[in-house]
Amino acid sequence: SPVQHPLDLFGIDGLLSDEDRGIRDTVRARLDKDVRPHVAQWFEDAQVPVRELARQFGEMGLLGMHLEGYGCAGTSATAYGLACAELEAVDSGIRSLVSVQGSLAMFAIWRFGSEEQKQEWLPRMAAGEAIGCFGLTEPDFGSNPAGMRTRARRDGDDWVLDGSKMWITNGSVADVAIVWARSDDSDGATIRGFVVPTDSAGFSANEIRGKLSLRASVTSELVLDGVRLPADAMLPEARGLSGPLSCLSEARFGIIFGALGAARDCLETTIAYTQGREIFDKPLAAYQITQTKLADMTLELGKGMLLALHLGRLKDAGDLAPDQVSLGKLNSCREAIAIARECRTLLGANGISGEYPVLRHANNLESVLTYEGTSEVHQLVIGQALTGVPAFR
Ligand code: FAD
């Protein structure tokens with residue numbers, strides 16, 4: 001009997017504009033040709049050619065994809081989400097590169113920067129010639145960035161930054177770091193963002209080794225030891241924690257689609273595997289237990305994608321609220337990791353092999369579940385929206 005792909009069963013394609021579908025298909029084809037064949041090796045070696053990939057993705061228009069002007073492609077938010085799903089269907093680390101560059105580093109400059117900062121950095125970042133990172137998390141402050149210890153103090157007209165940042169994607173390959181610090185501004189102490197060229201004296205970055213997740217991504221510690229910056233290094237329009245949080249909201253939007261891309265790749269791999277694998281004289285696909293698992297996973301994948309598309313439409317209409325982003329981030333990450341783990345069971349011993357993408361995706365999704373707000377933090381955000389009571393402390 002005819003076989004349908006999981007998302008085709010939901011008629012998802014019919015919900016997309018021709019343009020969004022075209023972008024998705026082009027991105028998928030390019031990644032399948034140029035990136036997918038190498039990614040398992042990059043993961044195994046924990047070595048990824050970030051600079052080369054950034055140039056390639058810049059040429060494809062994926063960096064700052066839904067931003068307007070300054071060399072950015074200016075697509076719909078939905079198209080950007082669909083591209084994130086394709087990137088993460090290859091590897092969450094590859095999608096992370098694009099998220100951090102476009103939605104965190106570029107978005108911070110695009111939304112909060114001066115015209116000079118935009119002109120200086122955005123066209124080169126959109127082209128993938130300059131790489132950005134985003135330093136918010138510190139060794140002792142992840143879910144609660146308000147506690148950060150990194151300081152920016154005035155010295156004449158200059159700023160001097162001291163502190164450290166931890167778990168920073170692309171930190172040791174970046175040309176520019178967006179660093180969030182507590183400042184002693186004349187109008188009171190508050191969190192401000194700084195555009196820090198990584199060749200500044202006193203700036204250093206150390207790659208974090210030994211990760212068991214997101215191995216095809218560079219993660220680093222940033223050290224700021226008396227980094228002296230001119231007055232105009234500060235992002236003029238960001239004041240307080242709402243600055244970095246609005247950047248995170250942008251990146252989370254990409255994750256809502258992205259994590260489902262990883263789940264889709266697991267499920268497609270697994271459906272094909274169960275059709276080819278004979279157990280007790282018939283294909284694994286022919287067992288009711290297998291079909292129950294496949295049906296339940298397909299249902300969660302499709303429901304997740306429908307929610308993602310709904311949130312994409314809201315974003316395109318300018319109506320997407322941060323609480324709604326939390327709904328999507330929580331759902332996509334939680335269901336994607338559940339799908340990846342269930343798929344792994346169906347592959348048996350092959351499920352633990354790097355020959356198949358499934359455990360790589362499952363391991364990667366552990367990071368995706370944690371960064372950009374853990375599941376628990378998003379549950380608390382949703383809980384507060386429902387009850388009016390903040391339960392964070
Ligand atoms: P903690 O905050 O210590 O959380 C530990 C546990 O406590 C979690 O289960 C959490 O859900 C729970 N918890 C927290 N608060 C509460 C509460 N109020 N009530 C109940 N439970 C709670 N950061 C950046 O700034 N830039 C980056 O580019 C970046 N890239 C990353 C890449 C990777 C691979 C990883 C793993 C992380 C990255 N991060 C980055 C950091 C990431 O955002 C943080 O790890 C995340 O915010 C969680 O913080 P934490 O690790 O300090 O965990």
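In this predicted model, strands β3 and β7 (residues 219-229) run antiparallel and are joined by nine bridges. Within this pairing, lysine 165 has leucine 222 of β7 as its bridge partner. Strand β3 (residues 158-169) also pairs with strand β2 (residues 151-155), again in the antiparallel sense, over five bridges. Here arginine 154 is bridged to tryptophan 159 of β3. The two strands β2 and β3 make a hairpin with two residues between them. In its turn, glycine 156 has a positive phi of about 65°.

The two pairings are set out below.

| Strand pair | Sense | Bridges | A bridged residue pair |
|---|---|---|---|
| β3 and β7 | antiparallel | nine | lysine 165 and leucine 222 |
| β2 and β3 | antiparallel | five | arginine 154 and tryptophan 159 |

Phe194 and Ala340 touch the most other members of the largest nonpolar core, which has 110 residues. Helix α7 (residues 242-276) gives the most to this core, with 15 residues. Leaving aside residues up to four places away in sequence, the contacts of phenylalanine 194 include Ala152, Trp159 and Leu161, and also Leu229, Ala233 and Met234.

As a whole, the protein chain has 11 helices and nine strands. Of its 393 residues, 47% count as buried. Among contacts with a separation of 6 or more, 76% are between residues 24 or more positions apart. The C-alpha atoms fill a box of roughly 80 × 45 × 40 Å along the principal axes. The radius of gyration is 21 Å, which agrees with a compact globule, because one of 393 residues would have a value near 21 Å.

Conventions:
Residues are numbered from 1 along each chain as its sequence is written. This is a predicted model: local features need pLDDT of at least 70, side-chain atom pairs count only at pLDDT 80 or more; totals for chains, interfaces and linings use all residues. Helices (H or I, at least four residues) and strands (E, at least two) are DSSP runs, numbered from the N terminus. The radius of gyration is taken over C-alpha atoms; the globule rule is 2.2 Å times the number of residues to the power 0.38. A residue is buried if 20 or more other C-beta atoms lie within 10 Å of its own, exposed if 12 or fewer, and partly exposed in between; C-beta atoms are placed from the backbone. Two residues are in contact if their C-beta atoms, placed from the backbone, lie within 7 Å. A nonpolar core is a set of buried Ala, Val, Leu, Ile, Met, Phe, Trp, Tyr and Cys residues joined through C-beta atoms within 7 Å. Two strands pair if DSSP finds at least two bridges between them.
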